[in-house]
Amino acid sequence: MKKNKYLFPLITFILSFGCAWFVAIKVFPNNPFTGTKPEKTVASKFKDGDLIFQTSESKQCEAVRIATNSKFSHCGIIYNLNGKWFVFEAVQPVKLTPVEEWIQHGKGNKYVVKRLKNASVLTPVVLQKMKDYSQQFDGKEYDAYFEWTDNRMYCSELIWKIYKNAGIELSKLREMKEFNLEDPRVQKILKERYGNDIPLEEKVVAPSDIADSNILKTVIDTY
């Protein structure tokens, strides 16, 4: 009888404690005892139209970093679509990639996010215009020859043109000959792509050109 006397209160206590613990975890996931608010997720720091940069590890990306004297070799534009964050990027093919997946493709999962200093110009109307304009590039081939046409796209060209169509020039265009092309690793890639006919006067824009733009500010830097 004594065992039965204490068994019911014990079961009641265990069930009550379990329910309280479950509620605490759901409501206060960081600290159920002090009630500290959960930390903001990285995604909550993004804004529609942000630009994101990373270091990729392919031979071409290495050549881009060397030629541009920059750690950045890939970039994209961040879009919020139906409550989910994506990077619109020019790879093979041009496509939308979930932000978390995009970050994992970079060296050490490191990245930098840039935003217009005057972010107020990206009104809902302007952002929708950018997204509508972007759709024509979705699925296009990646441009390994860095041609300034709309037939194929490379990463920095894509985001430069999206912003330009919205009336915002992120950076000045340059000619290929203005970059550091003398390094053997760069020369090797150029030889593979163009043979002896390197288009030195082709208009180009590098990820570093946009990242260094004086109209942008850094909002996230995990390097």
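Two strands count as paired if DSSP finds at least two bridges between them. In this predicted model, strand β5 (residues 112-116) and strand β8 meet that condition, since five bridges join them and they run antiparallel. One of the residues involved is L116, whose bridge partner in β8 is L216.

- Six strands make up an open sheet, in the order β4-β3-β2-β1-β5-β8, with antiparallel pairing.
- At the edges are β4 (94-98) and β8 (216-221), each of which pairs on one side only.
- From one strand to the next, the twist averages 35°.
- Strands of a sheet pair through backbone hydrogen bonds, and the pairing can be parallel or antiparallel.

**Helices across the sheet**
- Helix α4 (residues 124-134) lies across β2 (74-81) and β3 (84-90), and runs at about 115° to β2.
- Helix α5 lies across β1 (51-54), β2, β3, β4 and β5, and runs at about 45° to β2.
- Helix α5 (residues 155-165) is largely enclosed by the rest of the structure, because nine of its 11 residues are buried.
- The buried residues of α5 are C155, S156, E157, L158, I159, W160, K161, I162 and Y163.
- After α5 comes G167, which has a positive phi, near 90°.

- In soluble globular proteins, nonpolar side chains tend to be buried together.
- The largest nonpolar core here has 45 residues, and the members that touch the most others are L51, I77, M130, Y163, L170 and I210.
- Helix α5 gives the most to this core, with six residues.
- Another core, of 11 residues, lies apart from the largest one; F46, V87, V99 and V113 are among its members.
- Setting aside neighbours within four places in sequence, Y163 is in contact with G49, L51, I77, L116, L122, M130, I168 and L170.

**Cysteines**
- A search of the whole structure finds zero disulfides.
- C61 is in no disulfide, and the nearest cysteine sulfur, that of C155, is 7.5 Å away.
- C61 has 12% relative accessibility, so this residue counts as buried.
- For C155, the closest cysteine sulfur is in C75, at 3.8 Å, which is too far for a bond because a disulfide needs the two sulfur atoms within 2.5 Å.
- C155 also counts as buried, because its relative accessibility is 6%, and the cut-off for buried is under 20%.

Conventions: Residues are numbered from 1 along each chain as its sequence is written. This is a predicted model: local features need pLDDT of at least 70, side-chain atom pairs count only at pLDDT 80 or more; totals for chains, interfaces and linings use all residues. Side-chain values use heavy atoms; hydrogens and water are left out. Buried means under 20% relative accessible area, exposed over 50%, partly exposed in between (1.4 Å probe, protein chains only). Helices (H or I, at least four residues) and strands (E, at least two) are DSSP runs, numbered from the N terminus. Axes are lines fitted to C-alpha atoms, for helices over the stretch in contact, and angles run from 0 to 180 degrees between N-to-C directions. Contact means heavy atoms within 4.5 Å. A nonpolar core is a set of buried Ala, Val, Leu, Ile, Met, Phe, Trp, Tyr and Cys residues joined through side-chain atoms within 4.5 Å.
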